[in-house]
Amino acid sequence: MEADVPMRQVLTCLVALPCFAAENGIKIDKTHQILQCILPFTIMKALQMGLWSIWLSGFLLIGLSLYATQRLPQTMKPNFNGRSYGDLGSPKMTIFSAPSPFAGSVGTRQSLAIRSWLVLSPEITVVLFSQDPSVSSFAAFFGSRVLVDPYIDFTFRGTPFFHSMVARSQAFTSDICVFVDSESILLPDLVQTLNFAHKLDHDWLLFASSRNVSYFPLHLGEYGELWLREDGTRMRNQKELLDWSQQWNFSEGRMLIAWNSVELPLHHGVLPPFLYGRGFHNHWLISEALFSGIRFVFDASWAISILSLDDSGHQPNWLVERSGLVDIENRNWEYAGNSHLAALYGLSSFRETNYGGVMKLLKCDGQYLFINSTDNSVHPYTYQRMNLKKEGIFHSKRLKKTMACVDGIKSVKTVLDFSFKDQLMPSRVLDFPFSLESLLTIMADKNKTIVLTVAGYSYKDMLMSWSCRLRSLSVTNFLVFALDYETYQFAILQGLPVFSDPESAPRNISFNDCHFGTKCFQRVTKVKSRMVLTILKLGYNVLLSDVDVYWFRNPLPLLSSFGPTVLAAQSDEYNETGPINLPRRLNSGFYFVRSDGPSVAALEKVVKHAATSGLSEQPSFYDVLCGEDGSNRLGDNKCVEPETNLTIHFLDRKLFPNGAYLGLWGKENVTAACQKNGCLILHNNWISGRTKKLERQVSSGLWEYDISTRMCLQSLHRTKLTGYFDI
């Protein structure tokens with residue numbers, strides 16, 4: 001019946017239309033009459049059909065979208081208190097930190113903090129710089145989302161180097177890098193703020209201070225997705241977490257720093273070897289980034305919420321308190337070292353940073369605003385094709401809500417409101433609180449064996465390459481005897497276990513003219529045997545290794561197999577055949593000796609003989625132990641000192657080759673040639689001059705230290721270091 005309605009309407013139109021036309025004097029033919037009556041109903045019918053098609057298509061698409069959403073993996077739907085804080089388009093973020101061992105209350109706080117990071121977004125990966133087994137055990141629980149990276153530089157006390165951490169972070173694929181203390185709890189506004197910053201059209205670096213929490217009665221649920229109160233009920237929003245915070249914590253160590261990961265450097269110049277968590281490095285980095293002008297630097301303390309559990313036992317020495325600065329004279333040597341570096345390097349060491357113009361980011365009434373408190377202006381920004389677009393500048397009195405936000409941040413003094421330059425103090429003498437005896441207790445292995453090297457300032461880079469190589473072989477039981485004050489200070493800043501003895505060290509050591517055969521060389525070598533004797537008398541075995549000895553493998557297991565009353569030394573014989581214990585072929589730059597009666601007595605004789613000799617200590621070793629002209633030789637590879645009955649064993653040259661044996665240094669591939677022979681070490685001797693020695697070792701690839709960045713060339717990032725900073 002309904003289908004007939006349009007037809008009846010058409011017939012009525014055909015009857016009525018001629019009458020209407022006649023009354024109004026309009027002429028109309030039959031074809032025109034039919035079109036006028038049929039066309040409106042045809043168009044209306046087509047429109048109805050089109051609307052029905054669009055509605056059905058939309059319904060179908062909605063159904064497909066709901067189905068696809070349900071099929072997404074659970075990890076793509078982050079949840080914090082039942083609400084999503086991320087989306088599939090969020091940038092990849094990597095949070096870097098260097099935790100302490102997971103033990104006691106420190107381990108508990110670190111566990112809570114790191115779990116708070118992971119719950120923020122599935123796009124977050126955590127990288128922990130550590131060599132401690134407890135850190136690896138903790139990370140294993142979280143699978144691929146928490147990684148442990150030991151491939152950075154550490155001091156002999158296990159403190160990581162900040163410049164090595166920053167350089168190493170470039171080995172990880174990430175849109176945003178975040179550095180934060182391992183005990184800092186992070187809240188969802190971190191992800192929201194970083195998502196905002198990621199859309200800025202300029203490369204940036206942000207920083208944020210934390211807030212102290214003395215009482216924190218919340219914990220994460222079993223699966224880390226919910227914050228729960230002590231009674232097990234769910235916390236509803238982030239504001240409840242912030243209500244527990246008492247005051248701002250302007251400790252440098254509790255500061256968060258983040259930047260977008262692009263090839264552009266953070267600042268001009270090179271980042272000094274600051275010790276992580278020992279003050280100054282974050283502030284120095286911010287200052288240099290501001291001076292350099294490469295990146296947009298802003299303070300996000302009011303946009304990113306960081307909670308630090310207040311612990312009186314975890315007070316950093318570098319601390320800006322509400323009443324002023326603490327007495328920086330009371331810092332320990334690690335903080336003093338960082339202060340010393342900050343005072344010597346970078347533009348901030350002689351120019352005061354103008355922090356007044358640093359933009360502050362906050363979220364006011366749901367909108368991100370950049371505040372410039374100097375000229376009392378607000379800069380709102382919006383997204384337009386991923387560009388940073390300034391919409392306008394307006395004075396705060398026009399908007400009461402914005403004025404309240406501005407007044408809120410102006411009332412709080414931040415870390416940048418204090419003078420950084422005034423806190424810097426270059427120290428003429430770094431007070432290193434370790435004596436030889438204390439270092440031996442710390443560094444010796446379970447067999448009471450120590451590896452000793454001796455170096456002056458002209459060989460500081462070779463010293464670093466040598467120590468980097470030992471660390472890469474997991475040989476940590478070594479000590480450095482510094483021949484001069486400059487080497488001593490340098491070694492302290494590089495985190496080496498170093499000691500000195502100004503009374504026994506030679507004076508006026510030449511920088512370039514202290515090689516074999518020179519008077520300087522003669523004075524220096526005599527110090528080595530005296531230091532070995534001192535350590536032997538303290539009850540420790542000693543492997544003396546010059547810094548120009550490259551270690552392919554750890555030789556200590558083999559050397560330790562020699563029993564008591566044996567001194568095992570490298571042979572300096574260059575002929576490929578014949579005896580290797582010929583006169584004056586004992587090399588005193590590499591030998592192993594135990595702390596036993598005969599060995600101590602024999603070394604005393606060597607030291608006494610060298611003191612009256614016009615030559616270096618090396619001839620004294622042979623003449624005393626093997627007899628002048630080799631009268632105490634035994635076979636082709638031994639000697640026996642008759643008074644002490646000490647046996648001198650000349651080491652196999654295939655395993656311990658000197659610089660002239662088999663022409664190894666002249667091979668196209670020195671490493672391959674040495675590996676073919678089974679070398680444990682290779683001595684870079686039988687060459688005259690410091691410069692030639694350095695050139696030969698570097699060109700051969702047997703070099704483990706980046707002089708420009710002052711970092712070890714770790715095997716996993718040796719290709720990334722020099723390209724990161726704008727040197």
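Tutor: A residue is called buried when its relative accessible area is under 20%, and exposed when that area is over 50%. Please keep this in mind as we read the structure above, which is a predicted model.

Student: Is Cys-626 buried or exposed?

Tutor: Cys-626 has a relative accessible area of 0%, so it is buried. Cys-639 also has a value of 0% and is therefore buried.

Student: How far apart are the sulfur atoms of Cys-626 and Cys-639?

Tutor: Two cysteine sulfur atoms within 2.5 Å are taken as a disulfide. The sulfur atoms of Cys-626 and Cys-639 are 2.2 Å apart, and the two residues form such a link. The angle about its S-S bond is 105 degrees, and the link is right-handed.

Student: How many disulfides does the rule give for the structure?

Tutor: The count is two disulfides. One of them joins Cys-468 to Cys-712, with an S to S distance of 1.9 Å. Its angle about the S-S bond is -75 degrees, which goes with a left-handed link. This pair connects distant parts of the chain, 244 residues apart: Cys-468 is in helix H12 (residues 460–472) and Cys-712 is in strand E33 (residues 711–712). Cys-468 and Cys-712 are both buried.

Student: Which cysteine sulfur is nearest to that of Cys-679?

Tutor: Cys-679 is buried, because its relative accessibility is 4%. Cys-177 is likewise buried, with a relative accessible area of 1%. As for your question, the nearest cysteine sulfur to Cys-679 is that of Cys-674, 3.7 Å away, and Cys-679 is in no disulfide.

Student: How should I read a helix such as H16, and which of its residues are buried?

Tutor: One begins with its length. Helix H16 (residues 597–611) has 15 residues, which at 1.5 Å a residue should span 21 Å; the C-alpha atoms at its ends are 21 Å apart, so the two values agree. Next comes burial: the buried residues are Ser-599, Val-600, Ala-602, Leu-603, Val-606, Val-607 and Ala-610. Viewed down the helix axis, these residues fall within an arc of 165 degrees, so they line one face of H16. The face turned away from this buried side carries the exposed residues Gly-597 and Lys-608.

Student: How many residues of strand E1 are buried?

Tutor: Five of the five residues of E1 (residues 93–97) are buried, so the strand is largely enclosed by the rest of the structure. Met-93, Ile-95 and Ser-97 lie on one side, Thr-94 and Phe-96 on the other, and both faces are covered. E1 is joined to strand E2 (residues 124–129) by five bridges, and the two strands run parallel. Within this pairing, Phe-96 stands opposite Val-127 of E2.

Student: Where is Gln-570 placed, and what does it touch?

Tutor: Gln-570 is in strand E26 (residues 566–571). With a relative accessible area of 0%, Gln-570 is buried. A polar atom of its side chain lies 3.2 Å from the backbone oxygen of Phe-656. Leaving aside residues up to four places away in sequence, Gln-570 touches several others, including Arg-585, Phe-590, Phe-656, Asn-658 and His-683.

Note on methods:
Residues are numbered from 1 along each chain as its sequence is written. This is a predicted model: local features need pLDDT of at least 70, side-chain atom pairs count only at pLDDT 80 or more; totals for chains, interfaces and linings use all residues. Side-chain values use heavy atoms; hydrogens and water are left out. Helices (H or I, at least four residues) and strands (E, at least two) are DSSP runs, numbered from the N terminus. Buried means under 20% relative accessible area, exposed over 50%, partly exposed in between (1.4 Å probe, protein chains only). A polar contact is a pair of N or O atoms within 3.5 Å; within protein, one must be able to donate a hydrogen and the other to accept it, and residues adjacent in sequence count only if both atoms are side-chain atoms. Contact means heavy atoms within 4.5 Å. The expected span of a helix is 1.5 Å times one less than its number of residues. The arc is that of the directions from the helix axis to the C-beta atoms. Two strands pair if DSSP finds at least two bridges between them.
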